[in-house]
Amino acid sequence: MWNKIANIAFALIFTASLAGCGGSDTPSGVSAGAQSEDGSIVLTGAEMDRASDIFFNTCAGCHGTLRKGATGPSLLPEARTSLLGTAGLSAFITNGTPGGMPDWGRQGVLSEEEIDLVARFLQVPPPEIPAFTLDDMNAFWKLHVPVAERPTEPQHDRNWQNYFGVVLRDMGQVAIIDGDTKEKLTIIETGFAVHILRTSASGRYFYSIGRDGKITMIDLWMETPTMVAEGKASFDARSVEVSKYNGPEGDFSDKYLIVGGYTPSHFVIFDAQTLEPISVTSTEGYALDGDEYVEEARVASIVASHKDPLWVVNVKESGMVWLVDYTDPVNPEITKIATARFLHDGGWDLTGQYFLVAANAENKVVVVDVENKELEAIVETGETPHPGRGANIDHSTLGNLWLTGHLGENKISAIKTSEGDGRWTVVKEIELPGDGGGNLFIKTHPNSKHLWADRPLNNNVDLQRSVFVVDTESFEVVKTLTVPDKYAGRAVHLEYNKEGTEVWVAVWGTMEDVTAVLVYDDKTLELIEEITGDWMRTPTGHFNVYNTVHDIY
Ligand code: DHE
């Protein structure tokens, strides 16, 4: 009974989101409440709506919408929340944990009253997840500029392959910046909390994916970059990718686009030129050992192979890597490979044959041989690996290496990927200055001798605001760079320019803070430009066109 009522509340939240109200608009006081099994915790309908909304925006990414746990532990009453009680749960939400749980209270993201509400919400049964069908997607789809009305060549002389797309997360915007001149060319209204950008295979289009499942397609050939289409794949998503294969089996480059849904758990294939939805495939199913049926089997990272007409789709909770053949996008053929849990983010090795992805709850990195469609290796790396897409180094003595940092400890691990002794083992570990993990992203470039690392989730404020530069030959940390005092916020995400001579670092503050994207010279390691302005608020991920097209990291 309570679940059914809660389901209505949840559906209403999602309906608000679907109507374009954004992730945090919830109709209040319209649904019935919920209560804990022993009746000691009671939430009214309005409280359920608000708490679901806060949980969805702040906690569901790590703990799952159904609260069964993933990167973070299960938050079901029977698992632990009724034991912890309101006071215990409030302490966790306020102070975070050294293992990577953010300190939402201390950061001021959640007020005391909101923390109390969420702590009580965690002790009643979770809401159920409604469907989001092809009809819903078609109803949302907007083609602003049909293909025939788009230019057939760039309408400007700019070096568009060196453009950057900068996510202005809480502003619901993406800024397009000319990487040569550092000018802001335009700001596109993308909607709630864009997570990542990917480019088309040609690089002409940027696609953004929001935490509301909304895709925005931006044409960089136009005089001013312009939104040409919008689509929606789910209520919640983190990944988007295009088809990149052009070879004996046909030219599929930029034909199809895939979005991975967190909520509901499915992937959707779209026409990459128009964003018209083509098909939807649920990722619900048995976990790797086959003894558990996973209803919330969210799609984490997705990458496109350059060698085969395949997307690598990582299903988080079930620990299955799905190789999706898009030659028939209506009925895609899927090869399912059992690996480890919970799958999160990852990237290609230098050859483009192997995909390496973090199974963060098991402290492992999984290696999939995509060309031969089989599991290659599972490598123990450290506490909660978080590679982003990782970083590739061609080392003079150790061979080809792919690296990952860790959330839970101070360690960057280098896995040997080329043939020979030590292949698929950690051959080098790098320790950064200061204690603790909190590293989210690392990056390098074939033209650079450096690897850059951030640490925004470290508990120490100075480390949160620092980036670390490591020599890729000696593995020594050569410099620690700190965000200038005038900008409030943490240093997050790193991206090289096309030539590999500059590194761009975002300063991630709150909506009240005007911050900057800092541009460092990769040789001198001096700060050479501060891209800022009243519009520069909550920058997070930033993506260079050329490097994204070619999977350079
Ligand atoms: Fe991310 C990548 C999921 C929190 C910024 N993030 C990814 C990917 C996934 C993911 C699955 C890989 C996409 C791909 O390659 O296809 N991220 C999640 C979460 O579930 C989590 C932990 C919590 C949540 O609710 O979202 C989470 N991520 C964050 C942040 O807090 C960050 C710093 C800011 C934000 O937007 O919320 C953040 N995630 C990023 C960025 C990337 C990313 C910048 C792309 C890195 C790259 O270089 O490819």
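A pocket is an open set of points on a 1 Å grid over the protein atoms alone, where a 1.4 Å probe fits, with protein on both sides within 12 Å along at least five of seven lines; its lining residues have an atom within 4 Å of a point. This is a predicted model, in which local features need pLDDT of at least 70, while totals for linings use all residues. Residues are numbered from 1 along each chain as its sequence is written.

**Second largest pocket**
- The second largest pocket holds about 400 Å³ of space, a volume being the space filled by probe spheres set on the grid points.
- Its lining comprises 21 residues, and L350, N392, P446, D551 and Y553 lie nearest the centre.
- Strand β27 (residues 391–395) supplies three residues, the largest share of this lining; strands are DSSP runs of E, at least two residues, and helices are runs of H or I, at least four.
- The lining has six nonpolar, ten polar and five charged residues, with Asp, Glu, Lys and Arg counted as charged and Gly among the polar.

**Helix α4**
- The end C-alpha atoms of α4 (residues 77–95) are only 21 Å apart, short of the 27 Å that a straight helix of 19 residues would reach at 1.5 Å a residue.
- A bend of about 110° occurs at G85, taken between axes fitted to the seven residues ending there and the seven starting there.
- Buried residues (under 20% relative accessible area, 1.4 Å probe, protein chains only) of α4 include P77, G85 and I93.

**Helix α2**
- Helix α2 (residues 45–58) reaches 20 Å from its first C-alpha to its last, close to the 20 Å expected.
- Eleven of the 14 residues of α2 are buried, among them M48, F55 and F56.

Technical notes:
This is a predicted model: local features need pLDDT of at least 70, side-chain atom pairs count only at pLDDT 80 or more; totals for chains, interfaces and linings use all residues. Side-chain values use heavy atoms; hydrogens and water are left out. The expected span of a helix is 1.5 Å times one less than its number of residues. Buried means under 20% relative accessible area, exposed over 50%, partly exposed in between (1.4 Å probe, protein chains only).
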